[in-house]
Amino acid sequence: MATQTEDSGGQNVGETEFKVVRSRKRKLKPEAEITESAMDTSAPPKKPHFPPISGDKLTGGKSEFRKIPVPSHRYTPLKENWMKIFTPIVEKLNLQVRFNLKTRNVEIKTCKDTKDIGSLQKAADFVRAFTLGFDVDDSLALVRLDDLFLESFDVTDVKPLKGDHLSRAIGRIAGKNGKTKFTIENVTKTRIVLADTKIHILGSFSNIKIARTAICNLILGSPPSKVYGNMRSVASRASERF
């Protein structure tokens with residue numbers, strides 16, 4: 001910055017003043033200090049460890065109970081397959097089970113050895129699926145897998161049919177020698193039981209939805225060939241998605 005000043009002789013002399021600009025750059029630390037600060041990391045806090053609670057403590061020491069009624073036409077199959085039903089419930093799920101001859105119910109109860117509180121519901125679903133008409137091996141999948149469900153509905157819930165119209169709708173679902181029902185089961189990877197006007201489907205959520213849609217279309221009067229095509233396209237898209 002230039003300024004004008006007067007000397008003793010009255011003459012103006014041009015003097016130049018310079019401002020000293022300080023650099024704002026940070027001073028670099030020595031490499032030894034950088035490495036020491038980088039390595040000086042504190043250990044992360046430890047996560048709390050909570051041991052699992054047993055089923056006995058979770059219920060407060062009270063035992064839970066389930067009753068599954070057995071229809072008359074399933075007495076003989078239940079008697080023949082009792083050991084296949086009894087063994088997984090007692091050995092795998094650690095529950096108590098019995099068949100009450102007076103009330104005709106399968107009674108399941110928790111005990112001190114029960115570790116998982118959800119095993120009681122699994123056992124109840126397993127026995128209920130068998131009483132609805134599913135095979136023991138198919139019903140046992142409800143115990144082994146967590147993402148399987150059971151859905152039931154009536155033919156008249158889809159469309160109010162009576163007499164011969166109702167019989168023809170059930171015949172379309174079953175097909176000749178059960179061909180249509182087997183095809184729906186194989187494509188959707190489900191199990192289907194036709195009991196009079198009741199329809200029971202066992203499988204995963206998405207597969208049950210595909211099978212239910214196909215059965216509803218058959219009830220409404222769609223030809224099986226059209227239902228097959230729609231069902232296969234939907235099933236293929238679902239398999240590609242996963």
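With which residue does Arg191 form a salt bridge, and how far apart are the closest N and O atoms?

Modeller: The model is a predicted one, and the values below are computed from it. Arg191 forms a salt bridge with Asp138, and the closest N and O atoms of the two are 3.5 Å apart. Because Arg191 belongs to strand S7 (residues 191–195) and Asp138 to helix H6 (residues 136–144), the pair ties together parts that are 53 residues apart in sequence. Both partners are partly exposed: the relative accessible area is 34% for Arg191 and 22% for Asp138.

This pair is one of 6 salt bridges found in a search of the whole structure. Another joins Glu151 to Arg212, with the closest N and O atoms 2.9 Å apart. It links distant parts of the chain, since Glu151 is in strand S6 (residues 149–154) and Arg212 in helix H10 (residues 205–220), 61 residues apart. Glu151 is partly exposed at 25% relative accessibility, and Arg212 is partly exposed with a relative accessible area of 27%. A further salt bridge is formed by Glu107 and Arg98, whose closest N and O atoms lie 2.7 Å apart. Here Glu107 is buried, its relative accessible area being 5%.

The axes of helix H5 (residues 119–132) and H6 come within 8 Å and cross at roughly 160°. That angle makes H5 roughly antiparallel to H6, and the crossing of the two is right-handed. On the H5 side, the contact is made by Lys122, Asp125, Phe126, Ala129 and Phe130. The H6 side supplies Val136, Ser139, Leu140, Leu142 and Val143.

Helix H9 (residues 179–188) and H10 pack at an angle of about 155°, and their axes are 9 Å apart. H9 and H10 are therefore roughly antiparallel to each other, with a right-handed crossing. H9 makes this contact through Thr180, Ile184 and Thr188. H10 makes it through Asn207, Ile210, Ala211, Ala214, Ile215 and Leu218.

Leaving aside neighbours within four places in sequence, Ile184 is in contact with Lys189, Thr190, Ile192, Ala211, Ala214, Ile215, Leu218 and Met231.

Helix H11 can be examined through one of its residues. Ala235 is found in H11 and counts as buried at 17% relative accessibility. Beyond neighbours within four places in sequence, Ala235 is in contact with Val187 and Ile210. Ala235 and Asn207 are 28 residues apart in sequence, and their C-alpha atoms are 8.0 Å apart in space.

Two backbone details complete the account. Most residues other than glycine have a negative phi. Asn94, however, has a phi near 55°, a positive value. Asn94 is placed in the loop between helix H4 (82–92) and strand S4 (96–100), and it counts as partly exposed at 23% relative accessibility. Arg104 likewise has a positive phi, near 60°. The loop that holds Arg104 runs between S4 and strand S5 (105–109), and Arg104 is partly exposed at 35% relative accessibility.

Methods:
Residues are numbered from 1 along each chain as its sequence is written. This is a predicted model: local features need pLDDT of at least 70, side-chain atom pairs count only at pLDDT 80 or more; totals for chains, interfaces and linings use all residues. Side-chain values use heavy atoms; hydrogens and water are left out. A salt bridge is a side-chain nitrogen of Lys or Arg within 4 Å of a carboxyl oxygen of Asp or Glu. Buried means under 20% relative accessible area, exposed over 50%, partly exposed in between (1.4 Å probe, protein chains only). Helices (H or I, at least four residues) and strands (E, at least two) are DSSP runs, numbered from the N terminus. Contact means heavy atoms within 4.5 Å. Axes are lines fitted to C-alpha atoms, for helices over the stretch in contact, and angles run from 0 to 180 degrees between N-to-C directions. Angles under 35 degrees count as roughly parallel, over 145 as roughly antiparallel, 65 to 115 as roughly perpendicular and the rest as oblique. A crossing is left-handed if the near helix is turned anticlockwise from the far one by less than a right angle, and right-handed if clockwise.
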